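The sequence and structure are shown first.

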Amino acid sequence: MKSLVAEDDRSVCEMLQLFFNKESYETTFVHDGLSVERAIATETWDFFILDWMLPGKDGITLCRDIRRKLATPVILLTARDQEQDRILGLELGADDYVTKPFSPMELIARMKAVLRRYHSGGAASTADADPAEALGDEVVRHKRIVVNLTARDATVNNVTITNLTPKEFELLALFVRYPKRVFTREQSLESIWGYDYLGEERTVDVHIKRLRNKVSTPEYPLIVTVWGVGYKLEE
């Protein structure tokens, strides 16, 4: 795995390098946002770890820019531990959020959990499978929505949605596959993020909001809130 770590504290980089070497991760460290942009422009990466407060261009802006073009996993590192900061990072496309000070082993565990979620998306299962298992059939449909699980693309009202992140795609596929079922936040986490997810249920709300913004219109909200319970596909 080829990872790019952007962290301006060189002592943190030295510590991470020791642990990443033990995991046999191929890792490049840079110390400012402009170096991140140059690295992305010249090479292909499997994972990004971005400090929020980078000189030149901050990690949250870089995360937003990356997510506009790439589906590569992103973890944000930050000393900011307020809920609104975590929500902002997730809304802009981060897959996880690690608060300083942190254990290198915790970061590696979170990286592995994110990679498992990316690699498990779209696996095959039977039509009767439980939604907590892989998503199943090659193509699933409901009214105006067509989701191709193999090609990992989605069409709504005959328009192909090209900017879905992996988790947004999997959420949409889950709702389309079980159109009459209301999913609680916990059930959505188990189905899409997995039982080993280390984050919080608010992650579901953030991803639902982003998904709605991409696939819904005022006339067709598609994913509706069932107050006090969770979310479901519109009837």
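## Helix α6 against helix α8

The axes of α6 and α8 cross at roughly 80° and come within 10 Å of each other; axes are lines fitted to C-alpha atoms, for helices over the stretch in contact, with angles from 0 to 180 degrees between N-to-C directions. α6 is therefore roughly perpendicular to α8, a class that spans 65 to 115 degrees. On the α6 side, the contact (heavy atoms within 4.5 Å) is made by Lys167, Glu168, Leu171, Leu172 and Phe175, and on the α8 side by His207, Ile208, Arg210, Leu211 and Lys214. These residues divide into five nonpolar, one polar and four charged, where Ala, Val, Leu, Ile, Met, Phe, Trp, Tyr, Cys and Pro count as nonpolar, Asp, Glu, Lys and Arg as charged, and the others, Gly among them, as polar.

The model is predicted: local features need pLDDT of at least 70 and side-chain atom pairs pLDDT 80 or more, whereas totals for chains, interfaces and linings use all residues. Residues are numbered from 1 along each chain as its sequence is written, and side-chain values use heavy atoms, with hydrogens and water left out. Helices (H or I, at least four residues) and strands (E, at least two) are DSSP runs numbered from the N terminus.

## Helix α7 against helix α8

α8 (residues 202-215) also meets α7 (residues 185-193): their axes come within 9 Å and cross at roughly 80°. The two helices are therefore roughly perpendicular to each other. Arg185, Ser188, Leu189 and Trp193 of α7 make this contact with Thr203, Val204, Asp205 and His207 of α8. By class, the contact residues are three nonpolar, three polar and two charged.

## The three-stranded sheet

An open sheet is formed by three strands in the order β10-β12-β11, with antiparallel pairing; two strands pair if DSSP finds at least two bridges between them. β10 (183-184) and β11 stand at the edges with a single partner strand each, so one side of each lacks a neighbour in the sheet. α6 lies across β10, β11 and β12, and runs at about 65° to β12.

Strands β11 (residues 223-226) and β12 (residues 230-233) are joined by four bridges. Ile223 has Leu233 as its bridge partner in β12, and Thr225 stands opposite Tyr231. The two strands form a hairpin with three residues between them, and Gly228 in the turn has a positive phi of about 80°.

## Pocket and cavity

On a 1 Å grid over the protein atoms alone, a cavity is a set of points where a 1.4 Å probe fits but cannot get out; a pocket is an open set with protein on both sides within 12 Å along at least five of seven lines, and lining residues have an atom within 4 Å of a point. Grid points are joined across faces, edges and corners, and a volume is the space filled by probe spheres set on the points.

The largest pocket has a volume of about 500 Å³. It is lined by 25 residues, of which Arg67, Asn163, Leu164, Thr165 and Lys214 are the closest to its centre. α3 (59-69), β8 (153-156), α6 (166-177) and α8 each give two or more residues to this lining, which divides into nine nonpolar, five polar and 11 charged residues.

The structure holds one cavity of 30 Å³ or more; the largest cavity has a volume of about 40 Å³. Its lining includes Arg67, Thr165, Lys167, His207 and Arg210, and α6 and α8 each supply at least two of the lining residues.

Methods
Angles under 35 degrees count as roughly parallel, over 145 as roughly antiparallel, 65 to 115 as roughly perpendicular and the rest as oblique.
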